[in-house]
Amino acid sequence: MEEAICMLLEMHRSNCEADGVTYTTLISGFCKCGKPDNAYELLDRMIQQGHIPCATTYLHIMLAHEKKEELEESLELIEEMKKIGCVPDVSIYNVAIRLACKLAEIKEGVELWNQMEASGLSLGLDSFVIMIHGLVAHGHLVKASDYFKEMVGRGLLSAPNYGTSKDLLNSLLRGEKLEMAKDVWSCILTKGCDLNVYAWTIWIHVLFSNGHVKEACSYCLDMMEANVMPQPDTFAKLMRGLRKLYNRQIAAEITEKVRKTAEDRQITFKMYKRRGKRDLKEKIKAKRDGKKTMAQRWEEDDGSEFLTQLEVLGKHNINTYFLVIINFTYLVRTIKDLLQSRAYLVL
């Protein structure tokens, strides 16, 4: 930073005045070095030279205040922006709201949100996610649900943000607010969100993990009515839960529907069931050991490399992909078991 300041002074001596971009770059550097006082000095000089700072210039200073958890200074900076005619943008408000929520200043966060809406800014997904997580973290579940439903109503919920819904639903059920959680899920379902198997799985697993086994089974049936097949480990988990409750009727109903769905998709039910038990055991063990399971690694990779190889061969039927994957996995496990038994006999 010392060399950068020397360069700025050299420019001034050569009658080459720095522009707004140069000042903004230097302010960013000082903020990253943890020297906001120097950044403010440059900001004052920038204004004196007739350059009007943009929102990006102030954003660097806002982030420095957030790092030091200086909420009051952040709010003062927003007011200073308004005084010189620089309208705070969504990024500025997002930083301030995130800091307010982090410091449990929920009222201040809501006030900033209202200011943002009143200024006519277009609220995006990031703003809602920051607000919802902040409210959930401090137990304001009713407000968090309202903001979440508004986010869904604006069509902002997408697959990468299912983690937000998972956190909210888990918190609601832990707080014994089952009906409110159902209302949130109903909102997701009726507002035209593109629900895939992972969205359904999150909701069913959240219900199951919080002891609502019958409700989880009911939504599993709804899932199959929507022509979405549950993941093998979801089926295995539900069967295990129903076995403990001695509820054979619901277990038989789900099994029959899964069997029919598997048949329609040309999937062997026996292999599907075996894979579910295996994946469930792996997840339980991985949770205990803190490792990722084969199924989790597959979900992260989406099996893209393997599916690409099949496409090269001209096989474009997704049912074929699924069947080949299951059979290949079973073959590998069978060979492994045979080798282990052979080693045991040799010993």
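Author: Start with aromatic pairs. Rings of Phe, Tyr and Trp (its six-membered ring) pair if their centres lie within 6.5 Å; planes under 30 degrees apart are stacked, over 60 edge-to-face, and the rest tilted. The model here is predicted: local features need pLDDT of at least 70, side-chain atom pairs count only at pLDDT 80 or more, and totals for chains, interfaces and linings use all residues. Residues are numbered from 1 along each chain as its sequence is written, and side-chain values use heavy atoms, with hydrogens and water left out.

Reader: How many aromatic pairs does the structure hold?

Author: It holds 8. Take Trp-113 and Tyr-147: the ring centres are 5.1 Å apart and the planes stand at 75 degrees, so this pair is edge-to-face.

Reader: Where do Trp-113 and Tyr-147 lie in the chain?

Author: Helices (H or I, at least four residues) and strands (E, at least two) are DSSP runs, numbered from the N terminus. Trp-113 sits in helix 7 (residues 106-118) and Tyr-147 in helix 9 (residues 141-153).

Reader: Is Trp-113 buried or exposed?

Author: Buried means under 20% relative accessible area, exposed over 50%, and partly exposed in between (1.4 Å probe, protein chains only). Trp-113 is buried, at 1% relative accessibility. Tyr-147 is buried too, at 11%.

Reader: What geometry do Trp-203 and Tyr-219 show?

Author: Their ring centres are 5.3 Å apart and their planes are at 75 degrees, so they are edge-to-face. Trp-203 is in helix 12 (residues 197-209) and Tyr-219 in helix 13 (residues 213-225), so the pair ties together parts 16 residues apart in sequence. Trp-203 is buried at 0%, and Tyr-219 is buried at 14%.

Reader: How many helices and strands are in the chain?

Author: The chain has 19 helices and 0 strands. Of its 347 residues, 41% are buried.

Reader: At what angle do helix 2 and helix 4 pack?

Author: Axes are lines fitted to C-alpha atoms, for helices over the stretch in contact, and angles run from 0 to 180 degrees between N-to-C directions. Under 35 degrees counts as roughly parallel, over 145 as roughly antiparallel, 65 to 115 as roughly perpendicular, and the rest as oblique. Helix 2 (residues 20-32) and helix 4 (residues 55-67) pack at about 5 degrees, with axes 9 Å apart. They are therefore roughly parallel.

Reader: Which residues make the contact?

Author: Contact means heavy atoms within 4.5 Å. Helix 2 brings Thr-24, Ile-27, Ser-28 and Cys-31; helix 4 brings Thr-57, His-60, Ile-61 and Ala-64.
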